Amino acid sequence: MEALSQFFAAIVHFTTPLLLFHVAWSTLLGILVGSLPGLTATMGVALLTTLTYTLDKDAAILVLICMYVGAIYGGSRSAILLNIPGTPASAATSLDGFPLAQKGQAGYAMGLATAGSAMGTLVGIVLLVLLAPALAAVALDFGSFEFFWLAVFGIVISGQLTGGVSPLKGYIAGILGLMVAMIGSEGIHAHIRFNLGFSELNGGIALIPAMVGAFGFAEVLSVMWRKKSVLSAKELSEDRILPKLADLWKYKRTIARSGIIGTLVGIIPGVGEDIGAWASYAAAKRSSKERDEFGKGSKEGLTAAETGNSAVVPGALIPALTLAVPGSAPAAVLIAALFIHGVRPGPMIMIEQPDFIYSVAAMLFFATLAITIYGLSLTRIFILVLRIPREFLMPVVFTLCVIGPYALTQRVFDIWVMVGFGLVGFVLRKMNYPMAPLVLGIILGSLLDKSLRRGLTLSNGSLEPFFMRPISAMFVVVIVLSIILSLPAVQKAVARWIDRLMPAGKRTGEDQ
Amino acid sequence: MQPESPTADRVTAAVLLLLGGAMCWGGFVMDRLEIRQIHPASIPGLLPIFLGFFLMICAIFLALGTRGKTSSETDDTPKETGNWSDFAFAAVWSCLFAVGMVSRIPFVVASAIYILVFTGWYLWKPSGEDGKRLRMMLLVTLYAVLVAIGISVLFRYGFLVRLP
């Protein structure tokens, strides 16, 4: 009850003309960024962070959260109309959204995607308000030993789930991120490591230039490398946009399940919206009565994917706020932005700023309201945005990539860092190395380093507390199991074991 | 050599092995700050040693994973195709702008030239005959100048950034 009253108090606090104006423009900008293939939510949040330095704390965080929610939602536009996800989060959306557009129901598909996104975010907001304070309370018991394993857990899980068929490449990306974090002055004795003789590296590699490079410049290069996309021929059909209540009621279980799955996926460090969408889509397909329709224009599939990816946003903010460990790549940028604006995310947040979590929930609520209004009223206008040629858009994006990181420190060196990360990021992407563990590694490197050395100092060099304290032991078991289960030989053995337990005939219904 | 080929993975494994080895060695020989009488378990090189070691392990597994595979083998997953010449121009010109032009000439001029050349390069050929092409280039020039001025004014006077 107290949580509810704090949430309503936060909503009242944000209901001022100026803050509502910020909600309006930043959500609209987010939808535009998300709807353009090549502009991701992470890039949008990273670039907008550089534009919020002069805003006050509430307005700056509000603007970034609205951009995040808007961009994740906006990705559905191009997924439905072009069969190209505007952001990776909308990859599952295109499976059923594009076939619906081809059947002349593009407007209805976008209306359904809007409703799914709004409800997914609302489910996530409820879970954020319920879980975040509890998680912060648990995290107060965390010591150096637990934080060490939390950082390892983040890298391992993120590497495994985002690495696709090869978790090894995910682990490598994570280790490379951690290695980047080793550059510069370390956090215990202020000793400068690996600066290679450049005094500019004494302070380390800043997150914003690295993120803008890895997600901005690399994306510009990827867009120019790819072939041009073609808009769906039937996208401007005069079909219904407002979703039917009967359809939404029919899929109420799918919406609730996808919302919960999305939020839980969001809580897992560094996993992100795309996995949330795929997990929700797979769960919906398994339990659907119309599973044959999935992939051919299923309204249920579209709803599940959009609800799932949008629910990840509040979910990803739960560990970001309470543990300072991002649940997704855009949440990683948000953590950096929180520090810039004087908010210290972590277990102490409920003690230092107890109302902040409810403020974030209120910000998410306003962003949800905005995407619903925009999504249902401006659908046909968003289609025009997709017609902007990439040749006009990409140089502007890159110019912002150059001036954005420079604006933070006014150092030309940060522009070089951005360029370096962009080129390396492009090569790694082409070689199927995921970017999320790399970013998570940069964020968690300092935590991992300090927790390991502090823990060893506290235990006088003994490894026992790393394995024997209850929470540490739990982390160790989960990490070891995750790594073992990712080995191909073990996966084959498990599959054989399942085959023996459940003969093929019994499973055909589920496999279809 | 395709970026997703076994050959590329082998080359990457070799690079990562060297990088891991260098990190491991760098951590090992790093100053242990004995003069400051710190706890031996808190030496700054500790984590880099572990990270270098684990990167080498991963590199070995990456190399082992390519055993018996050749670059001519293809799997069933569809490969994304792209235009490498478009990419090359975008990469070279963007790097030239960021590293060579910014901070050497005023930002507003550098960004206008960058946008003009970038957009003009890709639209020159598809614009067709001379008259149409001239109109397109005038439009691109106007666009580049307006965008460059817009971004510069926003950062200089909106966010009070001393432009490079």
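The structure is a predicted model, in which local features need pLDDT of at least 70, side-chain atom pairs count only at pLDDT 80 or more, and totals for chains, interfaces and linings use all residues. Residues are numbered from 1 along each chain as its sequence is written, while chains are lettered from A and ligands numbered from 1 in the order in which they are written.

Confidence was examined in chain A. The score used is pLDDT, the predictor's confidence in each residue, from 0 to 100. Chain A has an average pLDDT of 86, and 94% of its residues score at least 70. Within chain A, the highest mean, 95, belongs to strand S2 (residues 192-193), and the lowest, 44, to helix H24 (residues 504-511). The pLDDT stays below 50 over residues 505-512 of chain A, and this stretch has three contacts in the model beyond near neighbours in sequence. Two residues are in contact if their C-beta atoms, placed from the backbone, lie within 7 Å. Where pLDDT is low, the predicted coordinates should not be read in detail.

Chain A contains 24 helices and two strands. These are DSSP runs numbered from the N terminus: helices are H or I runs of at least four residues, and strands are E runs of at least two. The radius of gyration of chain A is 22 Å, close to the 24 Å that the globule rule gives for 512 residues, so chain A is as compact as a globular protein of that length. That radius is taken over C-alpha atoms, and the globule rule is 2.2 Å times the number of residues to the power 0.38. The C-alpha trace of chain A spans about 70 × 60 × 50 Å along its principal axes. Of the 512 residues of chain A, 60% count as buried. A residue is buried if 20 or more other C-beta atoms lie within 10 Å of its own, exposed if 12 or fewer, and partly exposed in between, with C-beta atoms placed from the backbone. Among contacts in chain A with a separation of 6 or more, 79% join residues 24 or more positions apart.

Ser76(A) lies in helix H4 (residues 57-81) of chain A. Ser76(A) is buried because 35 other C-beta atoms lie within 10 Å. Leaving out residues up to four places away in sequence, Ser76(A) touches Ser90(A), Thr93(A), Gly97(A), Met110(A), Ala113(A) and Glu306(A). Gly301(A) is 225 residues from Ser76(A) in sequence, yet 13 Å away in space, C-alpha to C-alpha. Helix H23 (residues 488-501) of chain A, in contrast, is hardly covered: the count of buried residues among its 14 residues is zero. H23(A) reaches 20 Å from its first C-alpha to its last, close to the 20 Å expected at 1.5 Å a residue. The expected span of a helix is 1.5 Å times one less than its number of residues.

The two chains meet at an interface. In it, 49 residues of chain A are in contact with 54 residues of chain B. On the side of chain A that touches chain B, at least two residues each come from helix H8 (167-181), helix H9 (207-225), H18, helix H19 (412-430) and helix H20 (436-458) of chain A. H18(A) gives the most to this side, with eleven residues. The residues of this side of chain A divide into 33 nonpolar, eight polar and eight charged. Here Ala, Val, Leu, Ile, Met, Phe, Trp, Tyr, Cys and Pro count as nonpolar, Asp, Glu, Lys and Arg as charged, and the others, Gly among them, as polar.

Helix H5 (residues 130-158) of chain B has 29 residues and reaches 40 Å from its first C-alpha to its last, close to the 42 Å expected at 1.5 Å a residue. The buried residues of H5(B) are Val140(B), Ala144(B), Ala148(B), Ile151(B), Ser152(B) and Phe155(B). They pack against helix H18 (390-409) of chain A together with helix H4 (107-124) of chain B.

Some loop residues have a positive phi. Most residues other than glycine have a negative phi. Gln410(A), not a glycine, has a positive phi of about 55°. Gln410(A) sits in the loop between H18 and H19 of chain A. Gln410(A) is exposed, with 11 other C-beta atoms within 10 Å.
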